[in-house]
Amino acid sequence: MEEEDKETYQKTMEARLARLGAKLDQLKEGADKAGEKAKNEISRLVHDLRQRQEEARKKFQEVKGASGEAWVQLKGGLEKAAGQLKEGLDQAGSKLKQAWHKEETGEGKEEEVNQEEVKQEEKQP
C-alpha cells in the first residue's frame, strides 16, 4: 500500500511540476513581449524562478529515490519547494499583467517623460 501511495504521489507531483514549468515558460514568453522595463524585471524574476524550479526538481528526485518511510519525511521539503515556485509564479504573473495594463493604458508614461525631462535639465549647464 505504501509503495502505491508513493507512486501515486510521484505521478501527481511530477504533473504539478510540469504544469508549473509550463507556466514559467509562458511567463518568459510574456516578458519577451512586454516593454523594456517590465521585460527586465520579469526576466530577473524568471531567472529566480528557474532556480526555484531546479530546487523543486532536486527535491523530487530525492523523494523518488527514497525508500520506506524516508520518502514521507522528504515530501514535506518537496511540497514547500513546489509551493514557493507556485507563489513566485503567481507574483510574477501579476507583475506582468500590471506591466501589460500600464502599456495598454499608457500609465506610467507621464512619469517616464518627467524623469526624462529632469535628466535633460540636469545635463544643461
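What percentage of the 125 residues of the chain count as buried? In this predicted model, the share of residues that count as buried is 26%.

Figure 1. The chain holds 4 helices and 0 strands. Read from the N terminus, its elements follow the order α-α-α-α. Take the contacts between residues at least 6 apart in sequence: 78% of them join residues at least 24 apart.

Figure 2. Helix α2 covers residues 36-65 and has 30 residues. From its first C-alpha to its last, α2 reaches 43 Å, close to the 44 Å expected at 1.5 Å a residue. The buried residues of α2 are A38, I42, L45, V46, L49, Q53, A56, F60 and V63.

**Figure 3. The largest nonpolar core.** This core has 15 residues. Those with the most contacts inside the core are L24, L27, I42, L49 and L89. Helices α1, α2 and α3 are the elements that each give two or more residues to the core. A second, separate core has 11 residues, among them L17, A56, L78 and A82. A56 is also one of the buried residues of α2.

**Figure 4. The surroundings of I42.** I42 is a buried residue of α2, and I42 is also listed with the residues that have the most contacts inside the largest nonpolar core. Leaving aside residues up to four places away in sequence, I42 touches L27, A31, A92, K95 and L96.

**Figure 5. Q61 on helix α2.** Q61 is found in helix α2. Q61 and Q10 are 51 residues apart along the chain, and their C-alpha atoms are separated by 9.6 Å.

**Figure 6. The second largest pocket.** This pocket has a volume of about 190 Å³. Its lining is made up of K23, Q26, L27, L89, D90, G93, L96, K97 and W100. The elements that give two or more residues to this lining are α1, residues 2-33, and α3, residues 70-105. Helix α3 gives the most, with 6 residues. By type, the lining residues divide into 4 nonpolar, 2 polar and 3 charged. Two of the lining residues, L27 and L96, are also touched by I42. L27 and L89 line the pocket and are also among the residues with the most contacts inside the largest nonpolar core.

Key
Residues numbered from 1 in each chain as written. Predicted model: local features only at pLDDT ≥ 70, side-chain atom pairs only at ≥ 80, totals over all residues. Heavy atoms only, no water. 1 Å grid on protein atoms, 1.4 Å probe; cavity = no way out; pocket = protein on both sides within 12 Å on 5 of 7 lines; lining within 4 Å. Points joined across faces, edges and corners; volume = space filled by probe spheres on them. Nonpolar A, V, L, I, M, F, W, Y, C, P; charged D, E, K, R; others polar. Core = buried A, V, L, I, M, F, W, Y, C linked by side-chain atoms within 4.5 Å. Buried < 20%, exposed > 50% of the residue type's maximum accessible area, 1.4 Å probe, protein only. Contact = heavy atoms within 4.5 Å. Expected span 1.5 Å × (residues − 1).
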